[in-house]
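Please consult the sequence and the 3D view while reading.

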Amino acid sequence: MDIPALQASWRDVEKVGDEAVLYFYSHLFMAHPEVRAMFPVSMAAQRSRFFAALGRIVSSVDRIGGDPSFVRQLGRDHRKFDVVADHYPAAGASLLATLQYFLGAAWTDRLAADWAEAYGVVAKIMVLAAEESEQTSPAWWEAEVLGADRRSIDVAVLRIRPTQPYAYSPGQSFALEIAQRPKLWRYYSPANAPRADGTIDLHVQIVAGGQVSAPLARQVAAGDTVRIGAPVGTALTVAEQFRGDLLMVAGGTGLAPMTAVVEQLDAEWRAGGNSANVHLFHGVRTQWNLYEDAFLTEMANTRPWFHYTPVVSEDPAFRGAKGAVGAVAARTADWQGYTALVCGSVAMVEHTRDELTGAGLARTAIRFENFDPAGGTEEVPAASGHEVPTWR
C-alpha cells in the first residue's frame, strides 16, 4: 500500500470541498436508497463530519495497525445508527466512485487498489469492534430526564438517570439524542463522578443556530426520555489514586469533565487523605456564565489540594482575572512537571495548548480530546455537543 500516494490523492480531493461530499452522498443514496432513512433530514453538519473522519483515518492509515483505538471507537459508535456489516461495502463503493470522479486521470488501477485495501482494513476493524461491543452492551441506553436548571441565559444543567446500569469514568463523554432532533447525536460529558443513584448531570450551552443545544436546554423537561451511547474518550480521565500535579483549563461548558474528575479526586481525598494537587481555570465570556462558581469556590476554600481561578474575557466589570483563559493560566505559574487537562472549543484548546507550550510545558504533558478534528461542528464546546466525526 502506497501511503504517501493515498494521502496526496486525499489532499487533492479535499480541495474540492463540499462538492465531493455531495457527490459521495448522492452516489450512496442513489445506489442504496434504503440507507437514507438512517441519516438526519438536514445533512449540513454531516458533510464536515465525513471529511473530518476520513481525513483523520487516511492521514494515520499507516499507524492504524499499531493503534486502532480511534477506528474501533467509530465501529462501536456506529451501532447507535443501526449500521451493520452489510452497509460498509455500500459506503466503500461510493467512496471509491467519488475519488475516481474527482481525481480523473490521476485515478490509476494501483491507486484504486490501494484505496480499496485501506478502506477494507478500516471497515474490518470497525465491524469487528461493533460485533465485540454487541456482546457486552446495548447500542444505546434510555435515560429519564429528572430536571433542568437554567443557570444563565445560555447555560442549563440537566440531570438524567439511565434506566439500565451505566458505567463510565470521570472525564469521559457519551453521545446523546433527544426526541426533538432524531438522528442528530451530540456528545456531552458527565459533569459528576458516578453516583450510587445513577444520576448524571450535563452542562448544556446554547449555541447560536445549534440544532440540538437550544431544544436540549429549553424544551427537554422532567419526565422526558433521551438516548445515550457508550462512554468514549480517555484523554481527560485520571487514574485512580493518581498522585501528581494537575492543571485544568476549561472554556465554557468544557468545565463538565473537569468537575467530574474533581469529584473523583475529592472522594479519594476524603477516603484516604491524599490527593493530587489541582489548579482549575474556568474561562467564560461574561461573569454570569461562571455557573459553577459557588461550588468551585467552596471546594477551593475547604480542600487544601484544590485551587480555582475564574477567568472572564469580555466583562470589564469583573474584578478577577481577565483575558483568554489559556493565556491567563500560562502566565499564572510555572507548570513544568504538571499534567494539563484542557477542554473547550477547538479554538480555545489550540490557543491554550500554544500558550502552555510557549510557557515551557511539554506538549506531551497537555491532554485533550479530539472529537472534532475539522473544527466545524455545530456544538462548539468539546464537552457540550462535540461530535465523533464519521461517515455516518
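## Parallel strands and their crossovers

Strand S9 (residues 306-312) is largely enclosed by the rest of the structure, because six of its seven residues are buried. Buried means under 20% relative accessible area, exposed over 50%, and partly exposed in between, with a 1.4 Å probe and protein chains only. Helices (H or I, at least four residues) and strands (E, at least two) are DSSP runs numbered from the N terminus.

The model is predicted: local features need pLDDT of at least 70, side-chain atom pairs count only at pLDDT 80 or more, and totals for chains, interfaces and linings use all residues. Residues are numbered from 1 along each chain as its sequence is written, and side-chain values use heavy atoms, with hydrogens and water left out.

Strand S8 (residues 277-284) is likewise largely enclosed by the rest of the structure, since seven of its eight residues are buried. S8 and S9 run parallel and are joined by seven bridges; two strands pair if DSSP finds at least two bridges between them. Gly283 stands opposite Val311 in S9, and His279 has His307 as its bridge partner in S9. Between S8 and S9 the chain passes through helix H9 (residues 293-302), giving a right-handed β-α-β crossover. A crossover is right-handed if, with the strands pointing away from the viewer, the path from the first strand over the helix to the second runs clockwise.

S8 also pairs with strand S7 (residues 245-251), in the parallel sense and over seven bridges. Here the bridge partner of Leu247 is His279 in S8. S7, helix H8 (residues 255-272) and S8 together make a right-handed β-α-β unit.

Strand S10 (residues 321-322) runs parallel to S9 and is joined to S9 by two bridges. Val312 has Lys322 as its bridge partner in S10.

## Nonpolar cores

A nonpolar core is a set of buried Ala, Val, Leu, Ile, Met, Phe, Trp, Tyr and Cys residues joined through side-chain atoms within 4.5 Å. The largest such core has 34 residues, and Val71, Leu99 and Trp115 have the most contacts inside it. Two or more residues of this core come from each of helix H1 (3-14), helix H2 (18-31), helix H4 (69-77), helix H5 (87-103) and helix H6 (109-134). H6 gives the largest share, 10 residues. A second, separate core has 27 residues, including Met248, Ala250, Trp305 and Phe306.

## Aromatic pairs

The structure holds 12 aromatic pairs. Rings of Phe, Tyr and Trp (its six-membered ring) pair if their centres lie within 6.5 Å; planes under 30 degrees apart count as stacked, over 60 as edge-to-face and the rest as tilted. Two of the pairs are set out below.

| Pair | Centre to centre | Angle between planes | Class |
|---|---|---|---|
| Tyr23 and Phe102 | 5.6 Å | 80° | edge-to-face |
| Trp305 and Phe306 | 5.8 Å | 65° | edge-to-face |

Because Tyr23 lies in helix H2 and Phe102 in helix H5, their pair ties together parts that are 79 residues apart in sequence. Tyr23 counts as partly exposed, at 26% relative accessibility. Trp305, in contrast, is buried, with a relative accessible area of 6%, and Phe306 is buried at 1% relative accessibility. Elsewhere, ring pairs link Trp141, Tyr166, Tyr168 and Phe174 into a cluster.

## Two loop residues

Ser345 is found in the loop between strand S11 (339-343) and helix H11 (346-358). Ser345 counts as buried, at 18% relative accessibility. A polar atom of the Ser345 side chain lies 3.0 Å from the backbone nitrogen of Met348.

Gln219 lies in the loop between helix H7 (213-218) and strand S6 (225-228). With a relative accessible area of 47%, Gln219 is partly exposed. Leaving aside neighbours within four places in sequence, Gln219 is in contact (heavy atoms within 4.5 Å) with Gln180, Ala214 and Asp224. The C-alpha atoms of Gln219 and Ala148 are separated by 9.4 Å, and these residues are 71 residues apart along the chain.

Technical notes:
Polar contact = N/O pair within 3.5 Å; in protein donor to acceptor, adjacent residues only side chain to side chain.
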